[in-house]
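Open the model in your viewer and get ready to select residues by number. We will go stop by stop.

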Amino acid sequence: MKDDSMSLLNPTTSGDRIEMIDALRGFALTGVCLANLALFSFYYCLSNEQKADLPFPLINTIISYLIYFFVDSKFWTLFTIMFGFGASIFISRANELHKNGKALYARRLLLLLIFGLIHGIFFWFGDIFAEYALAGFILLLFSNKKGISVAVWGIILGAFIPLVLMILQAKLLPDSSEIFDKLGKLTLNAYSSSSYSKVINANLVNIKIFSLYVWFLLIAAVGRFMIGYWIGQTGRLYHIEDYTDFFRKTMRICGWIGFPFMFIVTITKILIDSEVLVPKSDWEPVTYLLEIASLAIGIFYVVKFAFLYQNKKWRKRLSVFKEMGRMALTNYLMQTIINVLIFNGIGFGLAGKIGPSIYILWFIVLMILQIIFSKWWLSRYRFGPFEWLWRSLTYKKLQPMKVKANL
């Protein structure tokens, strides 16, 4: 099938290429936010009866499965690939400046780990900073490797090894579904209360349980980092017009693998949730194909976005995400603070009370506000607040913050 976005490629300047990476990162963050709203709202842990009592239950169900199909895990994949891409650029630029790129990046990761622990314990149990920091340290072990082997290992670690580990865990360990059901209720009760100590306790319990039962996601993150690192090493994404055939084949392969697998996973999940397929433990392994599907679709999204960005009309539309991407970590933290206040008992207390039909409207409003805020902030300052702090601590020197006015 002919793809018009690929047939209308326009030459891009170096500035456009840098903006494309920022826009891609910002676009990834929007999907991460939408997926996370199921956690912030605690819709994910409600029973079928509780979901039926919410406003617009049928619309909630339809939207939740559409998000599951197109967004869940795919935008985490996209965001993680871009993090690996950033690692490659950071290390190579540091080396060009005659600095020890790996040592500097290790310090950067250590700071991110500290930020992640603070974020995960004191703010929200769904933190990804600590996971990214640990995955980054593992990535450093592979950073000397070059060539296609980096991408191949990324695919193996990003999809197949987590899939095998999930199957083995399901076969060898007791069914963990009851544990996660209890965890969801504990966390919902804590976040619905006005007790901050209960929230911290729930966050600590979540960290413990997830480190015991979902640790294979760390390996999945490492694999995605490696794919992003390889993309950064080759520089092909910057010059996609010179590698059109390669990226067309990549997108075609990922599309034909990712979307059919995701269709199977989604149908299976719908039937499990509807209690058509019982017992759940016999059918749940089919949903583990999500690891392969999400990686393939995530790569598909990366390439499709890059192709679209070569077209002037699409570049104008997609460039709205570039400022948001330049201060992605600040925006991620802002999403936590704002959504915790909205759903937590110390704020508006909406946890467990609304579904996707309502929180998707809030998602649209929040993204518009963050896009506007990011554009306003970066017209005055060189970095987002968190990016400035992270950069200053990394280099052990306060970085210049204000944008110099053109004379």
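This tour of a predicted model visits some charged side chains and then a cavity.

**Stop 1: salt bridges.** Side chains of opposite charge can pair when their charged atoms come close. How many salt bridges does a search of the whole structure find? It finds five.

Select Glu19 and Lys322. Their side chains form a salt bridge, 3.5 Å from N to O. This pair links distant parts of the chain: Glu19 sits in helix H2 and Lys322 in helix H16, 303 residues apart. Glu19 counts as partly exposed because its relative accessibility is 27%.

Stay in helix H2 and pick Asp22 and Arg25, three residues apart, about one turn of the helix. They form a salt bridge too, at 3.1 Å from N to O. Both residues are buried.

Now jump to helix H13, where Lys280 and Glu284 lie four residues apart. Their closest N and O atoms are 4.0 Å apart in a salt bridge. Lys280 is partly exposed, at 40% relative accessibility. Glu284 is partly exposed as well, at 24%.

**Stop 2: a charge without a partner.** Select Glu131 in helix H7. Glu131 is buried yet has no salt bridge. Which side chain of opposite charge is nearest to Glu131? It is Arg224, 8.8 Å away. Show Trp76 next: its side chain makes a polar contact with that of Glu131, at 3.5 Å. Glu131 also contacts residues including Leu217, Leu218 and Ala221.

**Stop 3: the cavity.** The structure holds one cavity of 30 Å³ or more. The largest cavity has a volume of about 40 Å³. Select its lining, including Phe40, Trp124, Tyr191 and Phe343. Helices H2 and H17 each give two or more residues to this lining. H17 gives the most, with three.

Definitions and conventions. Residues are numbered from 1 along each chain as its sequence is written. This is a predicted model: local features need pLDDT of at least 70, side-chain atom pairs count only at pLDDT 80 or more; totals for chains, interfaces and linings use all residues. Side-chain values use heavy atoms; hydrogens and water are left out. Buried means under 20% relative accessible area, exposed over 50%, partly exposed in between (1.4 Å probe, protein chains only). Lys and Arg count as positive and Asp and Glu as negative; His and the chain ends are not counted. A polar contact is a pair of N or O atoms within 3.5 Å; within protein, one must be able to donate a hydrogen and the other to accept it, and residues adjacent in sequence count only if both atoms are side-chain atoms. Contact means heavy atoms within 4.5 Å. On a 1 Å grid over the protein atoms alone, a cavity is a set of points where a 1.4 Å probe fits but cannot get out, and a pocket is an open set with protein on both sides within 12 Å along at least five of seven lines; lining residues have an atom within 4 Å of a point. Grid points are joined across faces, edges and corners, and a volume is the space filled by probe spheres set on the points. Lists of a residue's contacts leave out its neighbours within four places in sequence.
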